[in-house]
Amino acid sequence: MQKPRAQVTTVMFNSEKPEELVRFWSKILEVSAHPHTAETEHIWLMPQEPNGFKLGFQRVAKKLNTNAEVHIDIAVHDLDEIEKQVLELGGKVVQRTKLNNGFEWRVLHDPQDNPFCIYQHFTD
């Protein structure tokens, strides 16, 4: 099998307080962060799957732009359960959408206003 020409390996967040995002995302995704200190420039959450991508949190003095043009989509078992957890961890709900065919997703923000979506994908 031929190797792909390109592969997504990391989605990076720039943050003045990356530890806050690491706490949030590690709980939502149920993964552990690599060891880090208050001086660590990059903090990593490793992939859940062997060929998955990692999330990186880069410490910056000041974010360049608060208007994000990219977001993450996350498949979940239970929309309401994850939404509740997001709110408990300091995130917020921006929009709930349900199509006529029953497909539903929610637009959320993490504690630093980075957008992401959740949708029910898994079936029991």
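In helix α1, the buried residues are Pro-18, Glu-19, Leu-21, Val-22, Phe-24, Trp-25, Ser-26, Ile-28 and Leu-29. Buried here means under 20% relative accessible area, exposed means over 50%, and partly exposed lies in between (1.4 Å probe, protein chains only). That makes nine of the twelve residues of α1, and the helix is mostly covered.

This is a predicted model, in which local features need pLDDT of at least 70 and side-chain atom pairs count only at pLDDT 80 or more, while totals for chains, interfaces and linings use all residues. Residues are numbered from 1 along each chain as its sequence is written, and side-chain values use heavy atoms, with hydrogens and water left out.

Start with the overall layout. The protein chain has two helices and seven strands. From the N terminus on, their order is β-α-β-β-β-α-β-β-β. Helices (H or I, at least four residues) and strands (E, at least two) are DSSP runs, numbered from the N terminus. The chain has 124 residues, of which 31% count as buried. Its accessible surface comes to about 8900 Å², and 49% of that belongs to carbon and sulfur atoms. These areas come from the Shrake-Rupley method with a 1.4 Å probe; for residues, only the protein chains shown count as cover. Among contacts with a separation of 6 or more, 51% join residues 24 or more positions apart. Contact means heavy atoms within 4.5 Å.

Now return to α1. It spans residues 18–29 and reaches 16 Å from its first C-alpha to its last, close to the 16 Å expected at 1.5 Å a residue. The expected span is 1.5 Å times one less than the number of residues. What covers the buried residues of this helix? The cover includes β1 (10–15), β2 (42–45), β3 (54–59), β4 (72–76), α2 (79–88) and β7 (115–120).

Three of those strands form an open sheet in the order β1-β3-β2, with mixed pairing. β1 and β2 stand at the edges with a single partner strand each, so one side of each has no neighbour in the sheet. Neighbouring strands of this sheet are turned by 20° against each other on average, direction ignored. Strands of a sheet pair through backbone hydrogen bonds, either parallel or antiparallel. β2 and β3 pair in the antiparallel sense, over four bridges. Two strands count as paired if DSSP finds at least two bridges between them. Leu-45 has Leu-55 in β3 as its bridge partner. Helix α1 lies across β1, β2 and β3, running at about 165° to β3. Axes are lines fitted to C-alpha atoms, for helices over the stretch in contact, and angles run from 0 to 180 degrees between N-to-C directions.

Gln-58 gives a local view of this sheet. Its place is in strand β3. Gln-58 is partly exposed, with a relative accessible area of 26%. Leaving aside neighbours within four places in sequence, Gln-58 is in contact with Met-12, Phe-13, Asn-14, Ser-15, Glu-41 and His-42.

The largest nonpolar core has 21 residues, of which Trp-25, Leu-55, Phe-57, Ile-74, Phe-116 and Ile-118 touch the most other members. The elements that give two or more residues to this core are α1, β2, β3, β4, α2 and β7. α1 gives the most, with six residues. A nonpolar core is a set of buried Ala, Val, Leu, Ile, Met, Phe, Trp, Tyr and Cys residues joined through side-chain atoms within 4.5 Å. Ile-118 touches Ile-74, Val-76, Leu-79, Ile-82, Glu-83, Glu-104, Trp-105, Arg-106 and Leu-108, not counting residues up to four places away in sequence.

Further along, six bridges join β5 (residues 92–98) to β6 (residues 104–109), and these strands run antiparallel. Val-93 has Leu-108 in β6 as its bridge partner. The hairpin has five residues between its strands, and Gly-102 takes a positive phi near 95° there.

Two other residues have a positive phi. Glu-30 has a value of about 55° although it is not a glycine. It sits just after α1, in the loop between α1 and β2. At 73% relative accessibility, Glu-30 counts as exposed. Asp-113 is not a glycine either, and its positive phi is about 65°. Asp-113 lies in the loop between β6 and β7. With a relative accessible area of 38%, Asp-113 is partly exposed.
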